[in-house]
Amino acid sequence: MAPSSVKLQELIRVIRTAKTQAEERGMIQKECADIRSAFRDEDPAFRCRNVAKLLYMHMLGYPAHFGQMECLKLIASPRFTDKRVGYLGAMLLLDERHDASLLITNSIKNDLNHSSQYIQGLALCTLGCMGSPEMCRDLATEVERLLKASNSYIKKKAALAAVHIVRKVPELIELFIPATKRLLGEKNHGVLHGTVILITEMCERSPDTLRKYRKVVPELVQIMKGLIMSGYSPEHNVAGISDPFLQVRILCLLRILGHHDGDASEAMNDILAQVATNTDTSKNAGNAILYETVLTIMDIRSESGLRVLAVNILGRFLLNNDKNIRYIAMMSLLKMVQTDHNAVQRHRGTIVDCLKDTDASVKRKALDLSLALVNAHNVRSMMKELLPFLDNCPPELRSDCASGVFLAAEKFAPSKRWHIDTILRVLTTAGSFVRDETVPNLIVLITNASELYCYTVHKLYRAVLNDISQQPLVQVASWCIGEYGDLLLTGVCEDVEPMQVTEDEVLDVLETLLQSHMSSPATRAYALTALMKLSTRIRDNVDRIRKVVSIYGSCIDVELQQRAVEYNALFKKYDHMRSAVLERMPLMEKGSPNHNDQSALISNGEREGGGETQGGVKLQPPVASQTMDLLDLIGVPDASLPEALPQPLSQPLTGQTGIESSVGGELLDLLGGIDFGGIPSITAYNKNGLSLEFSFQREQGSLLTITLQARNSTASDMTEFIFQAAVPKTVQLQLQAPSGDVVPAMNRGSVSQSILINNPNRVALKMRLRLSYSVQGSSVQDVAEVSNFPAQAWQ
């Protein structure tokens, strides 16, 4: 027997006997050569068999494009067996961009009018799989005619082909509306299933069509009621449930029809309650229906009792042994927590227990949900769960957990001492995983808790004695020792165990930090500045500090070298000013221009001492000669002194009246006081193809409405999109429900969400964002900070 006539089963058996990849490749190449020869000889006897073998090799990953024209010849054959293999080859080897696909349009049109329903089905399947827009336009009327056929088999195939046509050519939607409305009365479940898919596709693509189909909600409710009330039907029964596939599809369609429509939502409330209470949860089919029911209840304007019922269903899912069910339950609860916070809060204990789950995905979602549930009433109890989790959680979760704890503590801290203790616990546990803004934020917190200076510096000193590897902890400790080292040396602190510390011991710690290979350049800068600060707070070791500072005047690190040279100048030429320049920092507020600038905090020794703050801007010292000396120290030319000197010294300096009191202040606001009308939009986030645009609308008083537009420039849809935001305590924030949770690919659409801001103190706006979404099955999470709000948004 000729090699080209080997049967498909025999070829599969031979290929599977190959012991190596090279052996298999040799068999495939030999068989392909025989098939090519047969194609050149125009041998019709074995064409069908050869194409079938070619398709098998194509599925193994080998090139089979040379068989495309043979597929077209098989499609043109009058035999059903030839057409079946030909159409299968067309679906696998051709796509709408290939020129050969245009050649089969006429063959498909002829087969759509064939007397055999099976040949018509083959043509409909091929059109629904790889039809190009041109092919869809040419054959749409034929498909619409087949939707009205009496044969249920043909109507089912035609409905699915119509779905593909609607996707490729949305303007043809109107052609299928009359036929689909009639098909809702079909008894055949296959036809009904295809019709519901078609209606869903049309409603998603056309708002006008959506409004028209809201009238069929009662019919869909009746179909759904018939499914859940019908008795046992062997043909449609899956695990004791009547056609769960159709039920899920109808629930999806009801969700679309009821979105933002009160009348349609009211018409489906009863059936949703009936499904939620009567569906068996012992099998996966029942759980799938319940999950879709919950999604529908969440997305429509459902009654409050129904929403509580949906949350309770998800709570039962959390107790399921199947980790996939627990995962989707937490994903859904995460979407509901913004709108039904109290209902979700009742399942807090179960959610926190999921932090101990062995599955990494479940654990991550449990962390996100636990952080979202923290409020002013439960912050203490939730931190008792989250802080031990931080001790033992996987490294990939530590950064997110630490950031979440910081945000929650900042927003809901019951007291400043509790807030400081919580942050210090995180720094000692996961300091290497915290974000860069943590250090300046904690320093601001400490400066504003004047009654806790002694307590804080003692706690930090003990922590840094035990571990100097956590850089953020060491940086905060260095800053506090420099500022409040005199309180440490007294050895008296009511809130901690008494500890007598000598000047030499404190200086030894700071020198260890300067010399340690684990210290980053920023940490060394903190330590050097702390040493300089201590030179005004101790009595007996000033010469030791001077020697250390002079050593670093020749340091290879430019930043440390510059600081050391400037500090040496304070010891020599400006020693009479040293105590004033290096006195304690004033209170820093979150709204101050440099509160979140790490370099500003490190270089506090270069700031003026004394004075008070007002609105985050430091008042000018009362002695004009000191001002001139400081200006001279930082290199301001004498010629500029008249312009640089302030207005009457009792007034705070602003961008319009003088220079900033801190070195490196902002440029003069030359356009201050000019109102240009509207508030300009900003790009709040732009990363990995996802961009967030903020537009602003000023309401009465201190109210501001921010409209978020999320767009996706990648080639894949971003699903399960969740946006969360946090603002400082003095600002109130309320998130409205988003327009959807899918950000379409290639900027074909957007997701919008309104953010209501109440800023009675008119402080500078800053916002912390938490984003999560899925792309091609992969979960993406990110945290960002927005600080570029236009001044008109808060002034």
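In strand 6, Ser691 is the bridge partner of Asn686. Lys687 is bridged to Leu690 of that strand. The model is predicted: local features need pLDDT of at least 70, side-chain atom pairs count only at pLDDT 80 or more, and totals for chains, interfaces and linings use all residues. Residues are numbered from 1 along each chain as its sequence is written, and side-chain values use heavy atoms, without hydrogens and water.

Strand 5 (residues 682–687) pairs with strand 6 (residues 690–698) in the antiparallel sense, over five bridges. Strands are DSSP runs of E, at least two residues, and helices runs of H or I, at least four, numbered from the N terminus. Pairing requires at least two DSSP bridges. Two residues lie between the strands of this hairpin, and Asn688 takes a positive phi near 55 degrees.

Both strands belong to an open, antiparallel sheet of five strands, in the order 5-6-7-10-9. Strand 5 and strand 9 (732–735) are at the edges; each has a single partner strand, so one side of each lacks a neighbour in the sheet. Neighbouring strands are turned by 20 degrees against each other on average, direction ignored; axes are lines fitted to C-alpha atoms.

The largest nonpolar core holds 190 residues. A core joins buried (under 20% relative accessible area, 1.4 Å probe, protein chains only) Ala, Val, Leu, Ile, Met, Phe, Trp, Tyr and Cys residues through side-chain atoms within 4.5 Å. Val143, Phe176, Ile250, Met268, Val344 and Leu427 touch the most other members. Helix 28 (residues 471–490) contributes the most, with 10 residues. A second, separate core of 32 residues includes Phe721, Met767, Leu769 and Phe789.

Conventions: Buried means under 20% relative accessible area, exposed over 50%, partly exposed in between (1.4 Å probe, protein chains only). Axes are lines fitted to C-alpha atoms, for helices over the stretch in contact, and angles run from 0 to 180 degrees between N-to-C directions.
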